[in-house]
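Please look over the sequence and the model shown here before reading on. The paragraphs that follow begin with the ligand and its surroundings and then turn to the backbone.

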Amino acid sequence: MQDSMASLSVSPAAAGGSCFAHVQQAPEDPILGITVAFNKDPSPVKVNLGVGAYRTEDGKPLLLNVVRQAELHLVSDESRNKEYLGITGIVHFNKLSAQLILGSDSPAIAENRVVTAQCLSGTGSLRVGGEFLGRHYSGQKIIYVPSPTWGNHLKIFPLAGLEARTYRYYDPRTKGLDYEGMLEDLRAAPNGSILLLHACAHNPTGVDPSQEQWEGIRRVVREEKQFLPFFDCAYQGFASGSLDNDAWAVRRFVGDGGEVFVAQSYAKNMGLYAERVGALSIIVKEPAVATRVESQLKLVIRPMYSTPPTHGASIVTLILSSKKWFEEWKEELKAMADRIRSMRHELFNALKERQTPGNWEHILNQIGMFTFTGLSKEQVEYMRREDHIYMTLDGRISMAGLNSRTVPQVADAIHRAVVKFS
Ligand code: PLA
């Protein structure tokens, strides 16, 4: 008996092997893995339309001028140090972030009903919010996400202790919103579930509800189902070019006095991708609840990464608190949104010129960073193999990755793929 137990406890390492020999090769991430494959491709004409990262007309990443100015200011300010921040980050950053998404005149902020924590960009904000809900939400620990959605949602929330389910969102026939299907699915979901909504510029479809449709969704959420809305706001300013317009839906839901979670990211709108700057705001009904929620939020964050980093959030704080820089930022943001919109027109016109079979109006109608082209997996793989054009397998292209030089090349490739497989 003792002998057999001893032999069972002998680890492969002690026997000379690796404790990890059984570990299987994992697949690359469906989005970030596109960049890995792209980087390995030696072709001089390759084009990356995979990850949603802004590129200039020259195809280069953009460091915003205001960000550069703020960084220069930061490094030359000798009063700054590298002390640990508090668990929820820079207090001023949190206040400014809440104002940016909820509006500076938001009654919820004035009434101290908003708890904000600086988190690691949009992903970290979603994860922290998910963990908090997994521990403390008194409703159904089920989160409904749109179908399709940003793929990481389906990984983040189950790890946070929530069951993820989908609701109908996109209709491939109309290449628009399946509003009726969405409401039907929401009505069939258990009361008190959590509802993940993309605040604007839905990823991957580029399809947002109209204001009237948002209102219909809000009525179901508040009046029929007592859902908790959780907004993922990764593209504020990228949809319409206006920060306020893109916050419309969030403000509408907060404005009715109900409870809301919102995850913000500064990756796209300030071009701070690698700095990992974002915020989670939890809007509740009473200030006393907010105080207790904040205390528990700290208990979620502390064992996860203790405290957030300071550099990126300091940049954001400087820009949001300086009237001059704030105005400059809005201009730079609008220029990015405008360039993306002009790429929509160029690609649409190029396909029209080539008389590519099919209706491509959705390229013009969809909103934000992405076009959900409707290209099949087969066509996407063909374009990658034959033309060195990279996009996610669901046929999503990052419009920000296009420029006037690559549009004809991409249009030629789409044309060939469509003709070949139609
Ligand atoms: N939410 C949505 C809807 C997103 O599209 C993304 C990023 C995030 C959250 C997270 O961004 P952050 O953590 O960097 O703030 N989506 C990208 C990149 C741009 C990615 O997949 O990570 C995309 O290409 O879909």
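In this predicted model, the largest pocket is the space that the ligand takes up. The ligand is surrounded by 17 residues, of which Ser121, Thr123, Asn203, Asp232 and Ser265 are the closest. Sorted by class, this shell consists of seven nonpolar, six polar and four charged residues. Helix α6, which spans residues 121-136, supplies the largest share of the shell, namely three residues, while domain 1 (28-62 + 338-421) and domain 2 (84-321) each contribute at least three residues.

Of the 540 Å² of accessible area that the ligand has on its own, the protein covers 93%.

The backbone also deserves attention, given that most peptide bonds are trans and most residues other than glycine have a negative phi. Ser147 and Pro148 are joined by a cis peptide bond with an omega of about 0 degrees, and Pro148 belongs to the loop between β3 (142-147) and α7 (153-159). Asn203, one of the closest residues to the ligand, is linked to Pro204 by a cis peptide bond whose omega is about 15 degrees, with Pro204 placed in the loop between β7 (194-198) and α9 (211-225). Lys175, although not a glycine, has a positive phi of about 55 degrees, and this residue is found in the loop between β5 (170-171) and β6 (176-177).

Definitions and conventions:
Residues numbered from 1 in each chain as written. Predicted model: local features only at pLDDT ≥ 70, side-chain atom pairs only at ≥ 80, totals over all residues. Heavy atoms only, no water. Near = heavy atom within 4 Å. Areas by Shrake-Rupley, 256 points an atom, 1.4 Å probe, with all protein chains shown as cover. 1 Å grid on protein atoms, 1.4 Å probe; cavity = no way out; pocket = protein on both sides within 12 Å on 5 of 7 lines; lining within 4 Å. Sits in = over half its atoms within 2 Å of the grid points. Helix = DSSP H or I, 4+ residues; strand = E, 2+ residues; numbered from the N terminus. Nonpolar A, V, L, I, M, F, W, Y, C, P; charged D, E, K, R; others polar. Domains from an automatic or database assignment.
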